[in-house]
Amino acid sequence: MFRNYLSAALRNLERNSLYAGVTIFGLAVGFAAALLIALYVRGELTYDRFIPGHDRVYVYSERIEYPGERPVLTDSSSVRVGPALKAEFPQIQYAARLTGKDLPATVKRGDFTASESNLTWADPDFFRVMPLPVVAGDLASALDEPDGLVITRAIARKYFGRDAPIGQSLLINGAPMKVTAVIQDLPPTTHLIFDMYGSTRAPQSPMPGLEKRDTPQNLVVITYVRLQPGASAAGVDMGGFVRRHFSPEQLGEASSRTRITAYLVPLTQIHLRPDIQGAYTGTDPAVLAGVGAVGVLIVLVAAINFVTLMTARATRRAVEVGVRKAAGATRRDLIAQFMGEALIHVAMAGLIAAALAELVLPGFNILVGRKIVIDYGDPILFAALPALVLAVGLAAGAYPALVLSNFRPAIVLKGGLAPSGGSALVRQMLVVVQFAVLIGLILFATTITRQTLFAINQGMRLDKNQVLLVLAKPCTDDLRDAMAAVGGVEKAACASAQALNLSVIGTKATVAGRDVGVYTGPVDYDFFGVYNIAPLAGRLFDHNRPADGYAAGAPSNPPLVINETARHKLGFANDQAAIGKTVTWPFHTDLDSAFGKDPAKPSQIIGVVPDFTFGSMREPILPMLFMVGPKVSYYSLALNLRLDRNHIPRALAGIDQVWRRFEPGDPIQRFFVTEFALHAYIDTLREAGLIVAAALVALFIAALGLFALSAYTTERRTKEIGVRKAMGAGTSAVLRLLIWQFSQPVLWANLLAWPVAFLVMNWWLHGFAYHVDQAPWVFVAAGAAALIVAWATVFIHALRVARAKPVGALRYE
Amino acid sequence: MLKLEKVSKTYRTTEVETRALSEVSMEIAPGEFVAIMGPSGCGKSTLLNVLGLLDSPTSGAYGFFGEDVARLPEARLTALRRDRIGFVFQSFNLIDDLSVAENVEVGLLYRGGPGGQRRKRVEEALQRVGMAHRARHKPQQLSGGQQQRVAVARALVSRPSLILADEPTGNLDTANGEAVMALLRDACAAGVTVVMVTHSLVHAAEAQRTIKLLDGRVVSETLLAA
C-alpha cells in the first residue's frame with residue numbers, strides 16, 4: 001500500500017512540477033532562513049557557556065538611581081570591590097578584576113611592531129575565575145609575576161610564528177612582558193573579546209593609578225567572582241555592600257539621595273543585558289525574541305503557501321480520492337496518504353534548506369557579525385531539523401488532507417461538479433495572513449532602516465563628514481598645530497574622551513544656590529569649529545582671548561560653553577538668558593588625588609550650543625559643560641581634524657608623516673568619525689540588516705506562492721472567462737477582473753498588519769532616546785509595495801488567460 | 001440479493017428541494033444482469049450511487065445481500081464497498097499518476113493482504129481484460145477503450161459480488177463498447193451481479209432485465225433474456 005502511495009506522491013510531484021517546485025522551494029527557503037535565525041538566536045543565548053564551571057561565575061553590577069533620572073545599570077565597578085567581595089564573603093572562592101578594553105597598545109617583538117586593540121589587564125586570580133582552555137603554560141599562576149602576559153594562540157602565531165612561546169618577551173608600549181601562558185582562540189560566543197591579558201601587577205598596568213584615584217563613583221574595572229563549589233549566589237547577601245565599604249564622605253553629599261544597589265549577574269547573562277552601561281554591550285533579549293518571531297513568521301508564510309497550493313490543486317486529485325473511496329479506502333487511509341505526501345514534500349524542502357543554509361551562511365555571518373557554523377554532529381540540531389520538518393509537515397499537511405479526504409465519491413466520480421479544494425474562504429484568509437506578515441515585515445524593515453539612518457546621519461546632530469580622529473596621549477598644542485599645517489587639513493582641535501562621549505565625568509554644578517548634576521567635557525578652542533557647530537547664543541572659545549584658556553591655579557575655572565540640555569537643567573529660561581551667568585563647579589585637575597577633592601570655583605557661561613552626541617541614540621544626551629582643558633592625556637585624548645573633501649589622500653599622507661615625526665615608534669591610530677558612528681550603531685545596523693533580509697525572504701516566498709496560486713486559479717476560471725469573452729468581455733475587462741481578485745486579500749492584509757506593526761514599532765522606537773516618528777507614508781508605501789508584488793506575480797497568468805480565444809477556453813475540460 | 005423498498009433520495013439546497021428518487025422499490029437477484037435506462041436527470045446515477053453505497057437514501061429500506069444498509073455508518077459502508085462492490089464509470093476515472101497495474105491494484109489496496117498475492121491477482125485481472133501487455137503504461141498512453149478495460153479490470157480484481165457500471169460504453173466507439181460489454185457479460189456468467197446504467201438500447205438488450213426510470217420513479221420493467 002505504501003508503495004502505491006509513494007508512486008502516486010512522486011508522480012504527482014513530477015506531473016505538477018511547477019506547483020510542487022514552488023511549494024517545496026518556498027518551504028526550503030523558509031526553512032533555511034529559520035534555521036539560520038535559530039542558530040543565531042541560540043548562539044546569542046549560549047554565550048560563555050564553554051567556560052568550565054560557568055554556573056559559578058558572576059560579574060559584579062550596580063544599579064544607580066539618581067533622584068529624578070532614569071536608573072543606570074552598570075557592570076563597571078570601583079577597584080576596591082573585588083578585594084572587598086573576597087574578604088567579606090566566604091562563599092566567594094576567587095575574585096578578579098579586569099581593566100576592560102584599553103586604548104590600542106603598541107606591541108613590539110624585534111623589528112616587528114603592530115598595534116593591538118584587544119589588550120586588557122587582569123588580576124592574578126583572573127584565570128582561576130575563568131579557567132579558559134589553555135594551549136601551553138600554567139594558566140592559573142600565569143599572572144602572578146608582575147611581567148606575566150597571557151596571549152591567545154592567534155597572537156602567539158602572529159608574533160612568534162608558533163603556538164607556545166612560553167618565556168618569550170614582548171614589548172608592550174615599550175615595557176617588556178613575558179609570555180607565561182597561551183590560551184586557545186576563544187569561540188565567537190563569548191563576551192571576553194580580549195586576546196592579550198597583562199598582569200595588573202605590572203608597573204605599566206593602569207591598576208596602581210586607578211587604585212590611587214579610587215572613589216565609589218570611579219567605575220573603572222570589571223569585577224568577576226567565582227563561588228565556592230556548592231555555594232549559591234542567593235547566599236551572598238549584597239544588601240548594604242556599598243555602604244559597608246564606602247564611607248558617607250566617599251559616597252558624597254548626594255549619597256543620601258542616590259541609591260546604589262549591588263548585585264551579582266551570572267556569567268551567562270552578561271551578553272543579554274543591552275541596557276547596561278560600562279564595559280560590555282550585549283544583545284537585547286527583546287530584539288532577540290523579535291528576530292525569533294520573524295523566523296517563525298517566515299516559516300508560517302512558507303507553510304501557508306504549502307496549504308493553499310495543496311488545497312488549490314486538490315481538484316486534480318478529486319478523481320483519485322473518489323476511486324480510492326469507491327475501492328473501499330477509509331477516510332483515515334486517505335488522510336494518512338495525503339499527510340504522508342505532505343511529509344515527503346516537507347522532507348525534501350528540509351534537505352534543500354540545509355544546502356541553502358550552508359550556501360548563504362558566509363553572507364549571513366557578515367550580516368550578523370558572528371561566526372556561526374552548522375555543526376551536523378550537534379545533537380540538538382540533528383534532532384531539531386527533523387522535528388521541524390515533522391511539525392510543519394503535519395501542521396501544513398493536516399488541512400489539505402482533511403479537505404481531500406472529505407470529497408464525496410458519488411460527486412467527484414460523476415465528473416460533473418468539480419469540487420473546489422476546501423473552502424475558498426479559508427484559502428483567501430490564509431493569503432490575507434500571508435500578506436499581512438509580509439506587509440508587517442516591510443514596515444519593520446523600513447522603520448528600522450529609517451531609524452538607523454537617522455541615528456547615523458542626523459542623530460548625532462553634528463557635521464562629522466570628513467572629520468578624522470587621531471588618538472594621541474596626549475594631544476598637544478604642538479601636535480595640533482603641526483597637523484593643522486598639513487595640506488588638506490582645514491581645521492584641527494584636541495578633545496577629551498568626555499567631549500567625544502567615550503567616557504563620562506559627572507560633577508555637581510551650583511547655579512544661583514542650586515545644585516545640579518552635570519557632565520564636563522574639556523575641549524580645544526576650535527573643537528566646535530571642526531564639527532561646524534554654531535552657537536545658539538553667545539560665542540565659542542576664541543584663541544585670541546587668553547581668558548578663554550585653562551590656567552593652573554587660577555582663582556576661577558575657565559569659561560563654559562554649555563549644550564541645550566545643560567542650559568535647561570541649569571534652569572535658564574532660554575539660551576540668551578544663560579549667557580554671562582556664573583556656574584560654580586569643581587574641575588578635577590589634580591589627577592593624583594581622588595575625585596571630589598578639587599575645590600569648586602566659578603565659571604562664566606559664554607555660549608550655548610545645540611545638543612549633539614558621539615554616543616548611542618539609545619542614551620539621552622547628557623547635560624554637558626565644555627571648557628578649554630589642560631593638554632594632559634586625561635583631558636586631551638584625540639585630535640579632531642576636518643579635511644578638505646577634495647584632498648583626502650594627500651591630507652592622510654601628510655598626517656601620517658607628521659605623526660611619524662612626533663611619535664617615531666608608535667603606529668598612528670586614526671579613523672573617520674563616520675566609522676566611529678557606524679561602530680556605535682553596529683547592533684542596530686545588524687538588527688536592521690536581519691529584519692530587511694527576513695522581509696526580503698518573506699517577500700520572495702509569498703510572491704512564489706502567489707505566482708503558483710494565480711496560475712492555478714486563472715486556469716480554474718478558464719471556462720468562466722471563455723463565457724465572459726463569448727458574451728463580449730474584452731481583454732482589459734478580464735484582466736481587471738483577475739487582478740482585482742488578487743488585490744482584495746492584499747487590501748485586507750493591510751487592515752490586519754497596520755495596527756500590529758504600529759504597536760510593535762512604537763515599542764521598538766521607544767528604546768531610543770532620540771528616534772524618528774512613524775510616518776503614515778511608510779504604511780501606505782508598504783501596502784502599495786505588497787500590492788505591486790501581487791500584481792506583478794499574477795499579471796503574466798492573467799494576461800495569458802485574458803488574451804486566449806474563447807473557443808479554446810470553452811472546450812477546456 | 002439487492003432489495004430496495006420505497007427508497008427516496010432528496011437533495012436540498014437552501015432554496016430548492018430536488019427529489020432524485022421517489023419511492024423506488026425493486027429486487028435484483030444474485031447473478032442477475034440489470035440495465036437501467038431513462039432520460040437525463042431521471043435519477044439513474046442516484047440510484048446507482050445508492051446501490052453502490054456511495055450515497056444513502058433519504059428514506060426507505062435497502063437490503064444489501066441480506067443486510068439492511070440504509071442507515072449504516074460510513075465505516076461499515078466503506079467496508080462493504082471494499083469487500084463486495086466493483087465500479088466502472090463512463091469517464092473511466094483512472095488515476096493519472098499511477099500505472100495501469102497500480103490503478104488496478106487500487107481495487108485491492110484497502111483490503112490488506114500480502115503484496116505478492118495482490119500483484120498476482122492484478123496480473124490475472126489484466127489478462128482477463130486483455131491489457132496485461134500494457135501493465136506499465138500510464139492511463140494517458142491508452143485509448144479510451146483500453147482505459148475502460150483497465151477500469152473493468154479494477155472492478156473485477158477484488159472479485160466483487162456486485163459490479164455497478166455507470167454508462168460504461170458512453171465514451172467508447174462501437175467496437176470498444178462491445179468489448180467492454182463482453183467483459184461484463186463474462187463477469188455475470190461467473191456469478192457476479194451486474195447493474196449497468198446505459199443510454200444504449202443495443203447494450204441494454206444484452207441485460208436480462210431493463211428498468212426504466214422517469215422523474216425518479218420506476219416506470220417499466222422489461223424482462224428480456226428470461
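Modeller: The discussion below goes from chain A as a whole to its helix pairs and a strand, then to the interface and to chain B. Please keep in mind that this is a predicted model.

Colleague: What are the secondary structure and the dimensions of the box filled by the C-alpha atoms of chain A?

Modeller: Chain A comprises 25 helices and 25 strands. Along the principal axes, its C-alpha atoms occupy a box of roughly 105 × 60 × 55 Å. Of its 813 residues, 44% count as buried.

Colleague: Where H2(A) packs with H11(A), what are the angle and the separation of the axes?

Modeller: The axes of helix H2 (residues 17-45) of chain A and helix H11 (residues 331-368) of chain A are 6 Å apart, and the helices pack at an angle of about 45°. That angle makes H2(A) oblique to H11(A). Here the crossing is right-handed. From H2(A), the residues in contact include A:Phe25, A:Phe31 and A:Tyr40; from H11(A), they include A:His345, A:Met348 and A:Phe364. The contact has 20 nonpolar, three polar and no charged residues.

Colleague: Turning to strands, why is S15(A) described as largely enclosed?

Modeller: Burial is judged residue by residue. In strand S15 (residues 467-471) of chain A, four of the five residues are buried, so the strand is largely enclosed by the rest of the structure.

Colleague: Which strands are joined to S15(A) by bridges, and in which sense do they run?

Modeller: Strands of a sheet pair through backbone hydrogen bonds, in either the parallel or the antiparallel sense. S15(A) is joined by five bridges to strand S24 (residues 638-643) of chain A, and the two run antiparallel. In that pairing A:Leu468 stands opposite A:Leu641. S15(A) is also joined by three bridges to strand S25 (residues 670-672) of chain A, again antiparallel. There, A:Leu469 has A:Phe671 as its bridge partner.

Colleague: How many residues of each chain are in contact with the other chain?

Modeller: An interface is read by counting residues on each side, then asking which elements supply them. In this model, 23 residues of chain A are in contact with 24 residues of chain B. On the side of chain A, the elements that give two or more residues are helix H1 (2-15), helix H10 (318-326) and helix H13 (409-412). By class, that side has ten nonpolar, seven polar and six charged residues.

Colleague: In what order do the six strands of the open sheet in chain B lie?

Modeller: The order is S6-S7-S8-S3-S9-S10, with mixed pairing. Strand S6 (85-89) and strand S10 (217-223) are the edge strands, each pairing on one side only. From one strand to the next, the twist averages 15°. Within the sheet, strand S7 (residues 162-166) and strand S8 (residues 193-197) of chain B pair in the parallel sense over five bridges, and B:Ile163 stands opposite B:Val194 in S8(B).

Colleague: Which strands does helix H1 of chain B touch where it packs on the sheet?

Modeller: Helix H1 (residues 44-51) of chain B touches strand S3 (33-37), S7, S8 and strand S9 (209-214) of chain B. Its direction makes about 155° with that of S8(B).

Colleague: Finally, is B:Phe64 buried or exposed?

Modeller: The test is a count of surrounding C-beta atoms, and 20 or more within 10 Å qualifies a residue as buried. B:Phe64 has 22 other C-beta atoms within 10 Å and is therefore buried. This residue belongs to strand S4 (residues 59-64) of chain B. Leaving aside residues up to four places away in sequence, B:Phe64 touches B:Leu2, B:Val69 and B:Leu80. B:Leu80 is 16 residues from B:Phe64 along the chain, and their C-alpha atoms are separated by 9.2 Å.

Notes: Residues are numbered from 1 along each chain as its sequence is written. Chains are lettered from A and ligands numbered from 1 in the order in which they are written. This is a predicted model: local features need pLDDT of at least 70, side-chain atom pairs count only at pLDDT 80 or more; totals for chains, interfaces and linings use all residues. Two strands pair if DSSP finds at least two bridges between them. Axes are lines fitted to C-alpha atoms, for helices over the stretch in contact, and angles run from 0 to 180 degrees between N-to-C directions. Two residues are in contact if their C-beta atoms, placed from the backbone, lie within 7 Å. A residue is buried if 20 or more other C-beta atoms lie within 10 Å of its own, exposed if 12 or fewer, and partly exposed in between; C-beta atoms are placed from the backbone. Ala, Val, Leu, Ile, Met, Phe, Trp, Tyr, Cys and Pro count as nonpolar, Asp, Glu, Lys and Arg as charged, and the others, Gly among them, as polar. Angles under 35 degrees count as roughly parallel, over 145 as roughly antiparallel, 65 to 115 as roughly perpendicular and the rest as oblique. A crossing is left-handed if the near helix is turned anticlockwise from the far one by less than a right angle, and right-handed if clockwise.
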